[in-house]
Amino acid sequence: MTFVRDRVVVAELRSVAELDWLEDGARMARQSYMPPKQAAAFEEFLARQGPMGDGVAWIADSWRCQQPFTELVFIKGPSAKNVALAYGADAQDIANGLLLHQVEEQDAREGTDDLTRVLAFGEDNGWTWLGYHDFDHAFSRSLNPPPEQQITLRATMGKAMYTFDYFKDGVYQNPLPIEDDAEDQPDVYELTSYTPGQPPFAPEAPLSFLNLHLRIAEKADNWTDDIALFFEGLERAFNLTLPRNAITSGNVRCARPALERVKGVPSGGTPDLPAPAYKIAPQADPGGIHA
């Protein structure tokens, strides 16, 4: 539906789904129809737009200490409820609307340790987010079919390993950092490799567009911690956000592992299959512009 004044379109009514598609296209699609200078200016304009909400940089410090979650996952496409069920969360907990603070209070009251074995989840800015520990691998780590986009951040404090990986339509996008040896290709990008002031991704790499968002985050000077800076680059690039007050107060939905999933064997008796091998994204066209 369009609204016209003096034969000029002044407003247009679109569905939420279409607006989300347009926003994703503006942020992620190639702007090959633009002249190079215009495309570069447009890309920088988008990089300067902060996320609507709390962003994710605020959680970086506690996340590095594995609090409140060891793993943070952002998934584009399926709803939070469907993702939680696919991960093996208990359907009854989801139906009951179990909240994180309720599990924490029960742990304090009964001396249990369920808080380390729950999957917290929610939706913000068109993304489903998940937070969990999963020390005993009670939750699945793959969806079938793969989602449109998936970002995973893992903290392993004991080994000082903090990693980031990104899939788009099931294709693994992570390239080598510039400073790494091409013969020793890692499966994920370690955040300790990021040095402010230096672009972490080669110009021809699929994730090269992140360099600009990181540069803008560095110039904004909101954070001094390297991992928080990297998180701000991600929130600017992908419009990620986590509800700060809800998470810190425990007023977010969560669920324990489904009772029938014991040691990776569902109630039907068939063991979980390993995650399928992923594809590696080809090197990006140096002439292509990402926004």
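Among the elements of the chain, mean pLDDT is lowest in strand S11 (residues 279–280), at 52, and highest in strand S10 (residues 253–255), at 97. The model is predicted, and the chain as a whole has a mean pLDDT of 81, with 74% of its residues at 70 or more. Two stretches fall below 50. Over residues 260–278 the pLDDT stays under 50, and the model places 19 contacts beyond four places in sequence for this segment. Residues 284–291 likewise have a pLDDT below 50, and 26 contacts beyond near neighbours in sequence are found for them in the model. Where pLDDT is low, the predicted coordinates should not be read in detail.

Strand S5 comprises residues 127–132 and is mostly covered, with 6 of its 6 residues buried. Trp127, Trp129 and Gly131 point to one side of S5, whereas Thr128, Leu130 and Tyr132 point to the other, and all are buried.

S5 pairs with two strands, S3 and S4. The pairing with S3 (residues 71–76) is antiparallel and extends over 6 bridges; within it, leucine 72 lies opposite glycine 131 of S5. Strand S4 (residues 119–124) also pairs with S5 in the antiparallel sense, over 6 bridges. Here aspartate 124 stands opposite tryptophan 127 of S5. S4 and S5 form a hairpin with 2 residues between the strands, in which asparagine 125 adopts a positive phi near 55 degrees. Glycine 131 and tryptophan 127, the S5 residues named in these pairings, both belong to the set that points one way from the strand.

Conventions
Residues numbered from 1 in each chain as written. Predicted model: local features only at pLDDT ≥ 70, side-chain atom pairs only at ≥ 80, totals over all residues. Heavy atoms only, no water. pLDDT = per-residue confidence, 0-100. Helix = DSSP H or I, 4+ residues; strand = E, 2+ residues; numbered from the N terminus. Contact = heavy atoms within 4.5 Å. Buried < 20%, exposed > 50% of the residue type's maximum accessible area, 1.4 Å probe, protein only. Pairing = 2+ DSSP bridges.
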